[in-house]
Amino acid sequence: MRPQTIRYHDHKIYHKAASVNAAGHVSALCFKRPRAIDRARASWTLVDKLVTCPKCLAVLAQAKLNTYRCGQCGKIVKRESTKRWIKSYCDATGKNARLMLQDY
Ligand SMILES: [Zn+2]
Ligand SMILES: [Zn+2]
């Protein structure tokens, strides 16, 4: 049986580079603990829009969301904003509400 030729470069995923260790190995944003990216299977980029790793993309998307609390009912929601508060409408009380940025 002949070994199958696998062209890894066709399947390479691009992680978001997160940190570099003393040896110059780059770790990915989606790794729980920093370790060198296996360059035979994956690569890395510093440019968000070039990232193809679904886990890195999820981390990036989450990082853009801030936690807000509804001033009317206290419900916690995620919004893509950095404002201290956002004008909103509370479905629970049927009143206009402010979503207050939570610091944690
Ligand atoms: Zn990744
Ligand atoms: Zn509410």
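This is a predicted model: local features need pLDDT of at least 70, side-chain atom pairs count only at pLDDT 80 or more; totals for chains, interfaces and linings use all residues.
**Overall composition**

The chain has 104 residues, of which 12% count as buried. Its secondary structure consists of one helix and seven strands. Read from the N terminus, the elements follow the order β-β-β-α-β-β-β-β. Among contacts in the chain with a separation of 6 or more, 41% are between residues 24 or more positions apart.

**The three-stranded sheet**

Three strands make up an open sheet of mixed pairing, arranged in the order S2-S1-S3. Strand S2 (26-28) and strand S3 (42-45) each have a single partner strand and stand at the edges, so one side of each lacks a neighbour in the sheet. From one strand to the next, the twist averages 60°.

The pairing of strand S1 can be followed on each of its two partners. Strand S1 (residues 13-20) runs antiparallel to S2, and three bridges join them. Within this pair, valine 20 has valine 26 of S2 as its bridge partner, while serine 19 stands opposite serine 27 in S2. S1 and S2 form a hairpin with five residues between them. In the turn of that hairpin, glycine 24 has a positive phi of about 85°. With S3, by contrast, S1 runs parallel, and four bridges join the two strands. Here the bridge partner of tyrosine 14 is serine 43 in S3.

**The four-stranded sheet**

A further open sheet contains four strands in the order S5-S4-S7-S6, and its pairing is antiparallel. The edges are formed by S5 and strand S6 (85-90), each of which pairs on one side only. The twist in this sheet averages 40° from one strand to the next. S6 and strand S7 (residues 95-101) run antiparallel and are joined by six bridges. One residue pair in this arrangement is tyrosine 89 with asparagine 96, the latter being the bridge partner in S7.

| Strand pair | Direction | Bridges |
|---|---|---|
| S1 and S2 | antiparallel | three bridges |
| S1 and S3 | parallel | four bridges |
| S6 and S7 | antiparallel | six bridges |

**Two exposed residues**

Glycine 74 is located in the loop between strand S4 (66-70) and strand S5 (76-79). This glycine has 10 other C-beta atoms within 10 Å. Because a residue with 12 or fewer such neighbours is classed as exposed, glycine 74 counts as exposed. Its C-alpha atom is 8.9 Å from that of leucine 99, although glycine 74 and leucine 99 are 25 residues apart in sequence.

Lysine 95 belongs to strand S7. It has 11 C-beta neighbours inside 10 Å and therefore also counts as exposed. Apart from neighbours within four places in sequence, lysine 95 is in contact with Gln72 and Cys90. Between lysine 95 and cysteine 73, which are 22 residues apart in sequence, the distance from C-alpha to C-alpha is 9.8 Å.

Technical notes. Residues are numbered from 1 along each chain as its sequence is written. Chains are lettered from A and ligands numbered from 1 in the order in which they are written. Two strands pair if DSSP finds at least two bridges between them. Axes are lines fitted to C-alpha atoms, for helices over the stretch in contact, and angles run from 0 to 180 degrees between N-to-C directions. A residue is buried if 20 or more other C-beta atoms lie within 10 Å of its own, exposed if 12 or fewer, and partly exposed in between; C-beta atoms are placed from the backbone. Two residues are in contact if their C-beta atoms, placed from the backbone, lie within 7 Å.
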